[in-house]
Amino acid sequence: MSFLEGTLTTIALCWRIERRDGIALGLTDHDRDLLIDGLVHRAAPGMTPSAIRRSDGLDADTMDITGALTSAAITEADLLAGRWDGARVTLFAVDWSGADPTRVPLGIGTIGAVETQQQGFTAELRGASAALERPVVELTSPECRAELGDARCRVPLAGRRRMQRVIGVDGQTVTLDAVEPSGDAYGGGLLRWIGGANSGLHAAIAGSDGARVTLRSDPALPVVAGDLVELIEGCDKSLATCAARFGNAANFRGEPYLPGIDLLTRYPGA
C-alpha cells in the first residue's frame with residue numbers, strides 16, 4: 001500500500017457510525033471532508049482513538065474513541081438519551097489524497113459505555129469477540145424468561161400495540177388520550193416515542209392505571225402535549241398471568257415449582 005510507505009504519508013483515520021435506527025454518520029480526523037463509498041465523512045479533528053489492540057485470542061477487544069462535541073450530528077443530549085448506544089462502528093485508514101483507493105480496516109464493533117465531560121465525550125468500542133462474554137445457557141427462574149410476543153412466547157402482539165397521544169407528563173407519569181383495555185395492561189411493557197424530541201427512543205413501563213402509565217425512568221428529553229407514542233402491552237412473567245390472561249401456559253419459559261435454595265435449610269417439622 002503506497003500511502004503507508006515512503007517518507008511522506010497521506011493517512012487519514014475515518015469512522016463510519018451506523019445507529020440502530022438506520023442513521024449513518026461519517027467522521028474523519030483529516031482537516032477537510034472526505035467522500036468515501038457515497039458517504040461524506042465530516043472533518044472532526046477532535047476525534048482520536050486510543051491504542052488499537054488486536055489479538056487472535058478469545059479476550060474481548062476494546063478501544064476508546066475520544067472526541068469533542070463539535071458536530072451537530074453528535075450532541076450531548078443524544079448521547080445521554082442513548083441514541084448512540086449499540087451503534088455499529090467501523091474504523092479504517094484511507095489515503096486522503098485519493099491516489100490510492102485502498103482502505104485499511106483497523107477495527108469494527110459496537111458502541112458500549114459512553115461518558116461525557118465538559119465539551120467532549122469518550123465512547124467504548126467493543127469488538128466482535130465481546131459477544132463471547134455473554135452467558136451460554138440460561139439460569140432457572142420461577143418467572144418466565146421469554147419476552148411477550150417473541151419467538152418463544154408466541155403470543156401475537158397484533159392487537160396489543162396501540163398508538164396514542166400524550167396529554168401531559170408529570171415526572172415519570174404520562175397521561176394519554178385513551179384508557180388501557182384492562183387493568184395494568186401496559187405494566188412491564190414498552191412505550192416507544194414516535195413524535196417529539198424523544199422520537200426513536202423507548203422507555204420501560206413500570207405500571208399503568210386507566211389513561212396513565214408510569215415509566216421506570218424520566219423521559220430523556222422534554223415531552224409536550226400531542227406527542228405520538230406507541231404502547232406495547234406487558235406481562236408480569238408469572239405462570240398465573242400467562243395462563244389466565246394470555247392462555248399461553250404451554251409456552252411458559254420458567255420453573256415456578258422448582259425448589260429454591262431454601263430447601264437446604266428446611267428440617268422435619270418446620
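# Terms and cut-offs in a predicted model

Biologist: Why does D37 count as exposed?

Modeller: The relative accessibility of D37 is 59%. Exposed means over 50% relative accessible area, buried means under 20%, and partly exposed is in between, with a 1.4 Å probe and protein chains only. D37 therefore counts as exposed. This is a predicted model, in which local features need pLDDT of at least 70, side-chain atom pairs count only at pLDDT 80 or more, and totals for chains, interfaces and linings use all residues. Residues are numbered from 1 along each chain as its sequence is written, and side-chain values use heavy atoms, with hydrogens and water left out.

Biologist: Where is D37 found, and what is its phi?

Modeller: D37 is in the loop between β3 (34-36) and β4 (39-43). Its phi is near 55 degrees, a positive value in a residue other than glycine. K237, also not a glycine, has a positive phi of about 65 degrees. K237 lies in the loop between β15 and α2.

Biologist: What counts as a strand or a helix, and how many of each does the protein have?

Modeller: Both are DSSP runs, numbered from the N terminus: helices are H or I of at least four residues, strands are E of at least two. By that rule the protein has 2 helices and 15 strands.

Biologist: Which strands make up the closed barrel?

Modeller: The closed barrel has 6 strands in the order β10-β11-β14-β13-β12-β15, with antiparallel pairing. Neighbouring strands of this sheet are turned by 45 degrees against each other on average, direction ignored; the axes are lines fitted to C-alpha atoms, for helices over the stretch in contact, and angles run from 0 to 180 degrees between N-to-C directions.

Biologist: How do you know that β10 and β11 pair?

Modeller: Two strands pair if DSSP finds at least two bridges between them. Strand β10 (residues 161-170) and strand β11 (residues 173-176) have 4 bridges, so they pair, in the antiparallel sense. V169 stands opposite V174 in β11, and G168 stands opposite T175. β10 and β11 form a hairpin with 2 residues between them, and G171 in the turn has a positive phi of about 65 degrees.

Biologist: How many bridges link β11 and β14?

Modeller: There are 3 bridges, and the sense is antiparallel. In β14, V213 is the bridge partner of V174, and R212 is that of T175.

Biologist: What joins β13 to β14?

Modeller: Strand β13 (residues 202-209) is joined to β14 by 4 bridges, again antiparallel. D209 stands opposite R212 in β14. β13 and β14 form a hairpin with 2 residues between them, where G210 in the turn has a positive phi of about 65 degrees.

Biologist: Which side chains of β14 are buried?

Modeller: In strand β14 (residues 212-215), V213 and L215 point to one face and are buried. In β11, V174 and L176 make up a covered face, and T173 and T175 an uncovered one.

Biologist: Why does E233 count as buried?

Modeller: Its relative accessibility is 6%, so E233 counts as buried. E233 is found in the loop between β15 (228-232) and α2 (239-244).

Biologist: What makes a polar contact, and which side chains does E233 meet that way?

Modeller: A polar contact is a pair of N or O atoms within 3.5 Å; within protein, one must be able to donate a hydrogen and the other to accept it, and residues adjacent in sequence count only if both atoms are side-chain atoms. The side chains of E233 and R160 are joined at 3.1 Å, and those of E233 and R162 at 2.9 Å. Leaving out residues up to four places away in sequence, E233 touches others (contact means heavy atoms within 4.5 Å), including L148, P181, Y186 and R245.

Biologist: Why does R126 count as partly exposed?

Modeller: R126 has 24% relative accessibility, so it counts as partly exposed. R126 lies in strand β9 (residues 120-127). R126 and T110 are 16 residues apart in sequence and 5.4 Å apart in space, C-alpha to C-alpha.

Biologist: What sits over the ring of F92?

Modeller: The charged end of R103 does, 4.3 Å from the ring's centre. A charge sits over a ring if NZ of Lys or CZ of Arg is within 6 Å of the ring centre and within 35 degrees of the ring normal.

Biologist: What share of the protein counts as buried?

Modeller: Of its 270 residues, 36% count as buried. Among contacts between residues at least 6 apart in sequence, 56% join residues at least 24 apart.
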